[in-house]
Amino acid sequence: MSKLSTKSFWEVVARLILRNKIIILIVIVLATIFLSTQWKNMRFTFTEANLLPDHHDVNITYNQFLEIFGEEGNLIVLGVKDSSLFSVEKLNAWNRLSESFKHYDEVETVLSIKDLQKLVKNTEEQKFELQAFIKDSLSSIAEIDTLQKELFQQYPFYDNFLFNKETRTIRTAIYLKKDIVNTPVRKDFIIDILQTNVEKFEAEYDLDVRISGMPYIRTLNSQNIVDEIGLFIGAALFVTSFIFFLFFRSIRATLIALVVVSFGVMWTFGIIGLLGYEITVLTALIPPLIIVIGIPNCIFLINKYQQEVKDHGNKIKSLQRVITKVGNATLMTNATTAVGFSTFILTESALLKEFGVVASLSILAIFLLSILIIPIIYTFLPFPKERHLEHLNRRWTSGFVNWMARMVKERRITIYITAVSLLTLSLIGIFQIKISGSLIEDMPQNTEFFKDIRFFESEFNGIMPLEIMVDTKRKRGVMRLSTLKRMNELEERINEIPQLSRPISVVSLVKYSKQAYYNGNPQYYQLPTSQENSFILSYAKNSTTEADLLQSFVDSTGRYARITTFMKDIGTDKMERIEEDLQTEINKLFPAENYNVIMTGKALVFQKGTNYLVKNLAISLSLAIFLIALFMAYLFRSFRMIVISLIPNLLPLLITAGLMGYLGVPLKPSTILVFSIAFGISVDDTIHFLAKYRQELQANNWKIKKSVYGALRETGVSMFYTSIVLFFGFSVFTLSSFGGTVALGALVSATLLFAMLSNLLLLPSLLLSLERSIANKETLKQPTINIIPEEDDIDENTNSKI
């Protein structure tokens with residue numbers, strides 16, 4: 001597109017907007033109404049984030065496990081650690097509470113102390129039978145003492161499952177029906193039934209009941225996400241509008257900006273609903289993000305309007321110039337920001353794809369709303385008063401611009417030394433960055449449910465399921481003694497790892513069967529010998545009770561077995577070492593020709609997903625840099641200008657990465673977003689500066705120094721305003737209770753502050769230092785797109801017709 005056609009295009013756009021203002025406003029209102037009808041299609045996520053693509057090997061393995069054994073994340077646990085529980089009244093009440101959950105349709109089964117049963121030998125019928133530890137209810141302390149002795153000393157099969165014999169912590173296991181685990185029904189049960197009943201029990205019996213398990217954690221975590229959307233939107237509106245008002249000292253201008261971003265938020269929610277996406281921890285960030293990005297658009301447009309009014313006093317001419325002069329630059333800057341977000345679309349993670357689609361569409365929407373609403377509203381408003389224009393002559397802004405000019409003119413070597421020093425320190429810090437794949441690390445740590453997670457980690461070594469599935473490659477291969485011995489050796493290795501809980505599998509049941517065969521003697525809780533196996537197996541074949549117990553551990557064909565353990569919340573590096581150790585043990589114990597053994601589970605899937613995202617970080621960020629470099633090449637047709645424009649924007653990213661290393665902020669799904677977001681936004685300042693710089697070159701007969709200082713004085717204040725708004729706007733995310741959201745807000749804010757200083761100090765310094773290299777370049781004189789049209793007057797006759 002030539003310079004003339006670009007200018008002509010925006011003049012046509014300006015005439016269309018200003019001549020058809022009523023129609024445009026009606027269209028905007030109708031579009032907003034339509035999009036608001038799509039809000040009903042928004043869904044709040046009921047699963048934890050799966051960061052891997054569906055066809056990834058880890059997901060395929062996990063889905064294979066689910067097909068054989070069903071949903072593994074359907075367990076909710078209630079726990080009490082209180083010696084007063086072991087009284088007749090309170091223990092019976094605890095059992096009644098557990099029993100009450102069995103009557104709800106959402107519950108598949110409940111296991112409590114009352115449900116525990118002894119496996120006993122029936123010699124006459126040569127089979128095993130189950131006998132309850134508690135037949136009806138407890139009536140005396142003596143019965144409770146007997147119960148404790150049996151559970152904690154005689155029957156190790158149940159240890160670390162429903163109780164901790166060392167600390168006397170008791171818990172109840174509630175298994176939800178697998179078909180409702182990932183539906184809204186789960187939330188209704190947990191919030192309206194489970195929590196209500198537990199709170200009543202706590203109040204009546206003065207006991208502190210802990211609740212955990214993946215369904216419970218997911219539900220409360222999702223509820224926190226929902227609750228914080230309103231907080232973020234309110235905080236972003238207040239902070240950005242307050243700063244906007246401080247800059248402009250105009251209630252009218254502030255209200256106009258609020259109208260624009262409010263429409264933008266409504267459109268964002270409509271886009272999410274229209275596309276049928278879920279509200280996740282990432283998409284929940286987009287509405288306040290649109291406020292933060294939309295306010296700078298308003299600053300550029302309203303500031304330009306007031307400057308034009310001050311220069312010549314013609315309102316219509318000023319509004320037309322706002323569109324023709326700032327419209328293209330605003331489009332370019334919003335487009336580069338959208339590019340930064342859109343790179344996530346090319347990842348194969350559904351979570352990031354949805355975030356990228358909604359964010360990039362919303363950014364383009366807020367540009368459209370800004371360029372349409374602001375000029376149209378001002379056509380209906382009276383001429384700005386003198387006090388509305390006072391901010392254009394503030395002494396402190398002039399002082400700030402003069403300081404920058406002096407630094408660039410007199411301290412250029414200092415600027416370069418500082419930049420190189422920061423770069424060196426940052427590179428050292430980057431090598432200290434760690435990767436975190438914890439499923440619960442970013443959850444709100446001041447909430448009760450997070451404290452409960454830590455409680456169960458302490459008492460039962462974690463709540464994050466890690467599953468090992470053994471494929472014996474033959475029917476009934478699991479019950480072969482050779483297989484059981486191999487599984488037992490693997491379980492012994494798991495027991496040696498402090499971050500993992502005692503494993504549960506068919507091995508424990510077989511050991512329990514041998515103990516039962518020897519009349520409950522705990523010394524015989526071990527695998528049978530080959531001779532004992534035939535006798536015990538004959539008892540087991542006659543027992544329906546044992547077959548029922550086997551269902552959770554062995555599939556119906558007897559080919560597949562599972563070993564379930566639970567993992568503490570540990571770092572990715574520790575998790576990887578544990579995985580390597582277990583895999584080494586598996587390879588040693590299970591010959592590949594006879595067995596196929598896989599490790600899976602929510603903890604492992606999330607950890608692999610984090611590693612996958614980190615690997616894709618370089619790809620998505622490189623793509624963003626490449627696309628924006630192409631964009632710069634298209635604008636300026638100069639390789640040197642591409643390099644010059646990228647340096648001030650890459651340095652802040654490296655500084656932020658270095659800070660992450662020094663401060664111990666790990667790379668994780670939330671912090672991975674920082675770099676693409678910050679780069680897409682920070683490059684906007686570069687475009688504004690270089691566009692004005694090229695215009696100054698033309699006006700000053702290609703005198704580099706004069707043009708650089710002219711561009712610095714012209715754009716410095718606006719860049720400062722927008723950077724401050726962005727800094728404080730992203731800072732609202734530090735109000736979050738989610739650690740990842742706090743890190744995202746703080747890191748993006750810091751990066752954008754570094755980017756502002758880099759663009760105002762390093763960029764003009766580079767232009768001056770490379771004066772001879774870039775001066776008089778025809779490609780710079782005649783760019784493909786003229787971002788800021790020349791200062792020629794627009795025909796007054798044209799204005800009068802608008």
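Mentor: A cavity is a set of points on a 1 Å grid over the protein atoms alone where a 1.4 Å probe fits but cannot get out, and its lining residues have an atom within 4 Å of a point. This is a predicted model: local features need pLDDT of at least 70 and side-chain atom pairs pLDDT 80 or more, while totals for chains, interfaces and linings use all residues. Residues are numbered from 1 along each chain as its sequence is written, and side-chain values use heavy atoms, without hydrogens and water.

Trainee: Which residues lie nearest the centre of the second largest cavity?

Mentor: Of its 18 lining residues, these are Pro 296, Phe 300, Ile 681, Asp 684 and Leu 726. Helix H22 (669–699) is among the helices that supply at least two lining residues each, and H22 gives the largest share, five. Helices here are DSSP runs of H or I with at least four residues, and strands are runs of E with at least two.

Trainee: With which residue does Arg 210 form a salt bridge?

Mentor: Side chains of opposite charge can pair when their charged atoms come close. The criterion is a side-chain nitrogen of Lys or Arg within 4 Å of a carboxyl oxygen of Asp or Glu. Arg 210 meets Asp 208 at 3.4 Å, N to O, and Asp 452 at 3.3 Å. The latter pair links strand S8 to helix H14, 242 residues apart.

Trainee: Is Asp 452 buried or exposed?

Mentor: Asp 452 is buried, at 5% relative accessible area, whereas Asp 208 is partly exposed at 46%. Buried means under 20%, exposed over 50% and partly exposed in between, with a 1.4 Å probe and protein chains only.

Methods
On a 1 Å grid over the protein atoms alone, a cavity is a set of points where a 1.4 Å probe fits but cannot get out, and a pocket is an open set with protein on both sides within 12 Å along at least five of seven lines; lining residues have an atom within 4 Å of a point.
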